[in-house]
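Colleague: Please put the model up, and I will go through it with some questions.

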Amino acid sequence: MGTYRETKLKDTVSLMCSDDYKERFKAEYMQVCIRYEKLKAMLDKWDEGKLNFQPTCPRGIYNFQIRAMADYIASLEARAAIEDIEL
């Protein structure tokens with residue numbers, strides 16, 4: 001995770017629209033990594049007491065979400081290895 005820190009979601013549009021499933025797969029992976037990193041950054045700020053807003057959901061919901069995202073990233077990485085997709 002974190003390979004795509006400098007990439008923005010808008011940068012994945014052309015891959016997402018590709019006819020090649022491997023390119024769409026890469027876009028999906030990049031998107032979830034970007035979203036994971038943003039959520040992790042928010043949670044880190046929360047832990048440091050540096051959030052500039054009050055979250056609506058309880059922390060446990062965010063913890064569940066970030067674990068699910070990490071599991072999803074791991075499953076995409078496993079599939080990529082099996083399907084010979086370079087991420």
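This is a predicted model: local features need pLDDT of at least 70, side-chain atom pairs count only at pLDDT 80 or more; totals for chains, interfaces and linings use all residues.

Colleague: Which pattern does the protein follow along the sequence?
Modeller: The protein has zero strands and three helices. Read along the sequence, the pattern is α-α-α.

Colleague: What share of the contacts with a separation of 6 or more comes from residues 24 or more positions apart?
Modeller: The C-alpha atoms fill a box of roughly 45 × 25 × 20 Å along the principal axes. Among contacts in the protein with a separation of 6 or more, the share from residues 24 or more positions apart is 59%.

Colleague: What percentage of the residues counts as buried?
Modeller: The accessible surface comes to about 6000 Å², and carbon and sulfur atoms hold 52% of that surface. The cut-off for buried is under 20% relative accessible area. Of the 87 residues, the buried share is 30%.

Colleague: How far apart are the mean positions of the positive and negative charges?
Modeller: The protein carries 14 positive and 15 negative charges. The distance between their mean positions is 7 Å.

Colleague: Is the aromatic pair of W46 and Y62 stacked or edge-to-face?
Modeller: The structure holds one aromatic pair. W46 and Y62 form that pair, with 5.6 Å centre to centre and 80° between the planes. Planes over 60 degrees apart have their own class, so the pair of W46 and Y62 is edge-to-face.

Colleague: Which helices does the pair of W46 and Y62 tie together?
Modeller: The two residues are 16 residues apart in sequence, and the pair ties together the parts that hold them. W46 lies in helix α2 (residues 21-47) and Y62 in helix α3, so the helices are α2 and α3.

Colleague: Is E6 buried or exposed?
Modeller: E6 also lies in the segment before α1. Its C-alpha atom is separated by 23 Å from that of N52, 46 residues apart along the chain. E6 has 73% relative accessibility, and the cut-off is over 50%, so E6 counts as exposed.

Colleague: With which residues is R35 in contact, leaving aside neighbours within four places in sequence?
Modeller: R35 is found in helix α2 and is partly exposed, with a relative accessible area of 44%. The contacts of R35 beyond those neighbours are L9 and M69.

Colleague: What separates the C-alpha atoms of R35 and I66?
Modeller: R35 and I66 are 31 residues apart along the chain. The separation of their C-alpha atoms is 9.5 Å.

Technical notes:
Residues are numbered from 1 along each chain as its sequence is written. Side-chain values use heavy atoms; hydrogens and water are left out. Helices (H or I, at least four residues) and strands (E, at least two) are DSSP runs, numbered from the N terminus. Buried means under 20% relative accessible area, exposed over 50%, partly exposed in between (1.4 Å probe, protein chains only). Contact means heavy atoms within 4.5 Å. Accessible areas come from the Shrake-Rupley method with a 1.4 Å probe; for residues, only the protein chains shown count as cover. Lys and Arg count as positive and Asp and Glu as negative; His and the chain ends are not counted. The place of a charge is taken as NZ of Lys, CZ of Arg, CG of Asp or CD of Glu. Rings of Phe, Tyr and Trp (its six-membered ring) pair if their centres lie within 6.5 Å; planes under 30 degrees apart count as stacked, over 60 as edge-to-face and the rest as tilted.
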